[in-house]
Amino acid sequence: MGLFGHHHGAPVSSETTKRVRSMIERGEDPKEMMIEVCRPSCTWYQDRLARCEVTLANLEHANPEKTCMYPLRDWVTCIDNCVNPTIQAQLVGQERGFIS
């Protein structure tokens with residue numbers, strides 16, 4: 001569980017895992033594909049960021065130092081927590097503990 005009891009990232013299907021391995025073996029970067037796979041599991045954070053951005057845009061006399069940095073960080077962290085372990089687990093050497 002992540003912030004506020006919401007899950008960071010989602011379990012990835014075995015089909016997606018196979019696709020990541022295949023892409024790596026062909027020398028392709030699976031990161032963009034994995035971001036799209038993981039994005040739906042992070043909609044709570046994306047919605048929170050969107051609400052923050054709308055609120056800031058509607059404030060006439062907003063403090064110029066006020067930002068949506070924390071909601072943005074939470075959304076990016078959610079996606080990273082789904083993307084990175086999936087890709088790393090498919091790298092050559094990972095099964096022997098060479099990459100950690």
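Modeller: Before the helix pairs, one definition: the angle between two helices runs from 0 to 180 degrees between their N-to-C directions, with axes fitted to C-alpha atoms over the stretch in contact. Also, this is a predicted model.

Biologist: Fine. At what angle do α3 and α4 pack, and how far apart are their axes?

Modeller: Helix α3, residues 43-58, packs on α4 at an angle of about 160°, and the axes are 8 Å apart.

Biologist: So what does that make α3 and α4 to each other?

Modeller: Angles over 145 degrees count as roughly antiparallel, therefore α3 and α4 are roughly antiparallel to each other. Their crossing is left-handed.

Biologist: Which residues meet there?

Modeller: From α3, Tyr45, Gln46, Arg48, Leu49 and Cys52. On the α4 side they meet Pro71, Leu72, Asp74, Trp75 and Cys78.

Biologist: How do they split by class?

Modeller: The contact of α3 with α4 has 7 nonpolar residues, 1 polar and 2 charged.

Biologist: Switching to α2. How do the axes of α2 and α4 cross?

Modeller: Helix α2 covers residues 31-38 and α4 covers residues 69-89. Their axes come within 9 Å and cross at roughly 130°. That angle makes α2 oblique to α4.

Biologist: Is that crossing left-handed or right-handed?

Modeller: Right-handed, as α2 passes α4.

Biologist: And which residues make the contact?

Modeller: α2 supplies Lys31, Met34, Ile35 and Cys38, while α4 supplies Ile79, Cys82, Val83, Thr86 and Ile87.

Biologist: How many of those are charged?

Modeller: In the contact of α2 with α4, 1 is charged, 1 is polar and 7 are nonpolar.

Notes:
Residues are numbered from 1 along each chain as its sequence is written. This is a predicted model: local features need pLDDT of at least 70, side-chain atom pairs count only at pLDDT 80 or more; totals for chains, interfaces and linings use all residues. Side-chain values use heavy atoms; hydrogens and water are left out. Helices (H or I, at least four residues) and strands (E, at least two) are DSSP runs, numbered from the N terminus. Angles under 35 degrees count as roughly parallel, over 145 as roughly antiparallel, 65 to 115 as roughly perpendicular and the rest as oblique. A crossing is left-handed if the near helix is turned anticlockwise from the far one by less than a right angle, and right-handed if clockwise. Contact means heavy atoms within 4.5 Å. Ala, Val, Leu, Ile, Met, Phe, Trp, Tyr, Cys and Pro count as nonpolar, Asp, Glu, Lys and Arg as charged, and the others, Gly among them, as polar.
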